[in-house]
Amino acid sequence: MIKKFFSSPVTVQYAVFMLGLAVMGFGIGMMIEANLGVAPWDTLHIGLQKTFGLTIGSWSQIVGALIILASYVIGKIRPNVGMFLNMFFFGLFIDLFLWLEWIPTGETLTERVVLFAGGLLIYTFGTGMYISPRIGAGPRDSFMLALHERMGWGIGKVRVGIECTVALVGFLLGGPVSIGTLVTAVAIGPLIKQFIPMWERMMAVPYGRAPKKTAV
């Protein structure tokens, strides 16, 4: 019975989903430690942490909860299990990896660039993992869809508008905005677009998750 449980499609799907969130959290931790700038949402979380205290992961959770509520109010997008798991565990994993101090800190500029690039690759690799089981989109993706449906704006314009606004607010609160922020904005979409099909193919045959084209 135990073997059947661990080999069941649902168990494997949730395991890959959770592992993907952990990998994403580790990647974000690397990008933070590189100190070359982070993604807009992380700029906001760090700015909130510097201004009001708590931890970066705690602010990721709090902002995620507020976004889930806003997505429902604006676009009537009902939260699902995956959305809540994403909200809670992603922030938890970020704090855990930073607290454990498993992530090296770059002393020279070259080391910091390598650390940042590695973090970006690991983060997008983990994003493909968590998306491939299709358990549910994260709060921020749902908020983007809610604005798209309510306002009738294109997905691209909504995403750019949200991330520019979030980066600005984070910067005003003391969050880091640097070359890494620009690199993340430009590179994250194409990288995720490569990793999602790879993970969907891995999940398709043994676990019944047929791959499909995923727009990023």
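First, the ground rules. The model is predicted, so local features need pLDDT of at least 70 and side-chain atom pairs count only at pLDDT 80 or more, while totals for chains, interfaces and linings use all residues. Residues are numbered from 1 along each chain as its sequence is written, and side-chain values use heavy atoms, with hydrogens and water left out.

Start with the fold. The chain has nine helices and zero strands. From the N terminus, the elements run α-α-α-α-α-α-α-α-α. Helices here are DSSP runs of H or I with at least four residues, strands are E runs of at least two, and both are numbered from the N terminus. The chain has 216 residues, and 45% of them count as buried. Buried means under 20% relative accessible area, exposed means over 50%, and partly exposed is in between, with a 1.4 Å probe and protein chains only.

Now the record. An unreviewed UniProt entry places the feature "transmembrane region" at residues 12-32, 52-74, 81-100 and 112-131. UniProt positions are in the numbering used here, feature names are shortened, and annotations may be inferred rather than shown by experiment. How does the model look over two of those spans? Residues 12-32 are 100% helix and 0% strand, with end C-alpha atoms 30 Å apart. Residues 81-100 are also 100% helix and 0% strand. There the end C-alpha atoms are 28 Å apart.

Next, the rings. How many aromatic pairs does a search of the whole structure find? Seven. Rings of Phe, Tyr and Trp (its six-membered ring) pair if their centres lie within 6.5 Å; planes under 30 degrees apart are stacked, over 60 edge-to-face, and the rest tilted.

Take Phe-26 and Phe-97. They form an edge-to-face pair, 5.1 Å centre to centre, with 85° between the planes. Phe-26 lies in helix H2 (residues 9-34) and Phe-97 in helix H5 (residues 81-100), so this pair ties together parts 71 residues apart in sequence. Phe-26 is partly exposed at 22% relative accessible area. Phe-97 is buried at 12%.

A second pair is Phe-52 with Trp-59. Their ring centres are 6.0 Å apart and their planes sit at 50°, so the pair is tilted. Phe-52 is exposed at 56% relative accessibility; Trp-59 is buried at 13%.

On to the core. The largest nonpolar core has 28 residues. A nonpolar core is a set of buried Ala, Val, Leu, Ile, Met, Phe, Trp, Tyr and Cys residues joined through side-chain atoms within 4.5 Å. Ile-28, Met-31 and Tyr-123 have the most contacts inside this core. H2, H5, helix H6 (109-131) and helix H9 (179-207) each supply at least two of its residues. Which helix gives the most to this core? H2, with nine residues.

Last, some exposed leucines. Leu-172 lies in helix H8 (residues 155-172) and is exposed, with a relative accessible area of 65%. Leu-182 is in helix H9. Leu-182 is exposed too, at 54%. The C-alpha atoms of Leu-182 and Gly-37 are separated by 8.2 Å. Along the chain, these two residues are 145 residues apart.
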